[in-house]
Amino acid sequence: MSLDSAYLEYPKRHEGMDHGLYTPSPMPSRKPVAWPGGKPVAVTLLVNLEWFPITPEDKPFRAPGHMVTPYPDFRHYTAREYGTRVGFYRLLDAFAKAGVTATIAVNSAIAERYPSIIADILGAGHEIIAHATDMNATIASTLDEDAERAIITQARDTLAQVMGKAPRGWQSIARSQSFDTPRLLVEAGFDYMCDWVNDDLPWVATTDAGTITSVPFNHELSDRQMIAVQQHSMDSVAVQIEDALDWLKAEAAQYGAGRVLPFTLTPYITGLPYRMDAFEALLGRMASDEATWFASAGQLVDAWKPQAV
Amino acid sequence: MREGEKDPGLYDFRPYRDRTKLEWPGGKKVAVWVSPNLEFYEIDPPANPHRKSWPKPHPDIVGYGHRDYANRVAHWRMAEVMEKHGFKGSVSLSVALCQHHPDVVANANDLGWEFFSHGIYNTRYSYGMDEAQERAIIEDSIRTVRDATGQTIKGWLAPALTHTPRTLDLIAEYGMTYTCDLYHDDQPAPVRVKSGKLVSMPYSIEVNDHYGFFVYNMSPREYAETLMRQYDRLAAEAEARDGPGGTVMCIPLHSYLIAQPHRIGPFEDVLRHIAADGRAWITRSGDIADHFLSSGGYDAVAADAARYAKADA
């Protein structure tokens, strides 16, 4: 039997995207942006601070990094907890040593279970953004709207209670959204989302409820992708991040325009003893480079928005 | 092709020795062609019963956004680096890009890049198409690229490498001269089709950036090193006294991969290495096919193959 003839129909084949969330924006056509202090490259460190229940849910999908073996998977449950208890504190110390600001995407279950860690993050001057409730709270278009709204508002409200104010930013588990997510985030009062990997600069998404800024996220420039998936060493990661920094510095100089270098970290991956020396050395070199501005997601949005509109 | 048979019968055996030497213009040794995929992936494509378009429920915004990075950011970065070192692209084009992002297509056309078809969208697969449907896709490709660029496409790379048993016969019937879908040789060779002359254009799937980064998990510098070794080897073989003569190196790329900030620098080193070497005929796929057909290469390869067919008989 041959394909249904509808397969050869293209109702969305027209200029622009095949959805209404944003419009095309080729990089060369953009107005150049400048970062505070005339720094050419904004480095946005983003840490995923996650709690994986030992009872994984497969709907709508099992989160990356989740349990692997039959119940009870002590191996992965405790290794992830090691990331939160030990690895994350190594990262906080490394940030302090380099004098840099990071963004921490936190499952609200972390705030409920370990409120002191929230105080430690805020006390060190880092930004917290919401990262769903726990690692069973994945979002996809197969989730009904009320269930998705409940995840977003529960994450927001729980974090707000522990933080003392609501988080401004959002990141989905596995960067997975439904068609409704940007609108639901606007309705829940979020200013920006860190899920879309389609750009090196922020952009504005339009929803029926208003607009929300997309903060650039590069899923390739993450320890989960480079180390856990690609099986590169931290030394290789350091080379790749510095190659990226060098290129973006050159591009910024060529076009007189600021660039963003996102780098995403996972406590149970980078925060292992044998990776920390290479990571701290990398961070130290980047922080002492006069070209870099280490910005939290909120700082980046605040610097970008007035120039973009 | 011989549908249903164990050997599809697409080409004849021709071992990599005792070949009639192929020659490239100016006595160059390796024909190097760079093949950026300029693609559009739909966020919510209709389902093909033979293959899922995205691994996750739509919208798979990471997969979609990663590809869209090409048209917003990475194409421009990649094109600039290629132009700087004198490499024209031979584009495998999702032809609907002519509608969605005409500025990307116009930019490539203005740079003197050649276009061949990579289907309408990289999220619409050929599997299950009947002949009339497949003809509609081919006719759409020819018309769309001609309207957008003035170019008449000469080649084909099936969308997402999805074929039917009649694809090669049909593209030859429509006057195309080469296919990039067969990966059996480092030199061009005739493909058995019902009408016309169709050339198999060497297109190394193994050094495709997607394979480098996501199948072999190479770091950017390892991938760059791989390409340089591939080039050096093909140049040396082409120069060897008993060698096959001119070889072909294809560098198949996706800007959303190769033009990431952490990869484009090492890749620029590759282009610099090849451009400085002097043995490369830096060219486009259609020019290789034209030369192969007009300079006697096609007939020489066919004669080589016939010699072995006799020896085997």
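In chain A, the loop between strand 1 and helix 1 (74-98) contains A:P72; helices (H or I, at least four residues) and strands (E, at least two) are DSSP runs, numbered from the N terminus. The model is predicted, with local features needing pLDDT of at least 70, side-chain atom pairs counting only at pLDDT 80 or more, and totals for chains, interfaces and linings using all residues. Residues are numbered from 1 along each chain as its sequence is written, chains are lettered from A and ligands numbered from 1 in the order in which they are written, and side-chain values use heavy atoms, with hydrogens and water left out.

The peptide bond from A:Y71 to A:P72 is cis, and its omega is near -5 degrees. In chain B, B:H58 and B:P59 are also joined by a cis peptide bond, with omega about 0 degrees. B:P59 sits in the loop between strand 1 (30-38) and helix 1 (61-84) of chain B.

## A positive phi

Most residues other than glycine have a negative phi, and most peptide bonds are trans. B:A160, which is not a glycine, has a positive phi near 50 degrees. This residue is in the loop between strand 4 (155-156) and helix 5 (167-173) of chain B.

## Two helices of chain B

Helix 7 (residues 220-239) and helix 9 (residues 264-277) of chain B pack with their axes 8 Å apart, at an angle of about 15 degrees. Axes are lines fitted to C-alpha atoms, for helices over the stretch in contact, and angles run from 0 to 180 degrees between N-to-C directions. The two helices of chain B are therefore roughly parallel (angles under 35 degrees).

Contact means heavy atoms within 4.5 Å. Among the residues that meet are B:L227, B:M228 and B:Y231 of helix 7 and B:F267, B:V270 and B:I274 of helix 9. By class, this contact of helix 7 with helix 9 in chain B has nine nonpolar, one polar and four charged residues. Ala, Val, Leu, Ile, Met, Phe, Trp, Tyr, Cys and Pro count as nonpolar, Asp, Glu, Lys and Arg as charged, and the others, Gly among them, as polar.

## Cavities

There are seven cavities of 30 Å³ or more in the structure. A cavity is a set of points on a 1 Å grid over the protein atoms alone where a 1.4 Å probe fits but cannot get out, and lining residues have an atom within 4 Å of a point. The largest cavity has a volume of about 70 Å³, a volume being the space filled by probe spheres set on the points.

Residues lining the largest cavity include A:T44, A:L45, A:F217 and A:F263. Strand 1 (41-49) and strand 8 (259-265) of chain A each give two or more residues to this lining. By class, the lining of the largest cavity has nine nonpolar, three polar and no charged residues.

Definitions and conventions:
Angles under 35 degrees count as roughly parallel, over 145 as roughly antiparallel, 65 to 115 as roughly perpendicular and the rest as oblique. On a 1 Å grid over the protein atoms alone, a cavity is a set of points where a 1.4 Å probe fits but cannot get out, and a pocket is an open set with protein on both sides within 12 Å along at least five of seven lines; lining residues have an atom within 4 Å of a point.
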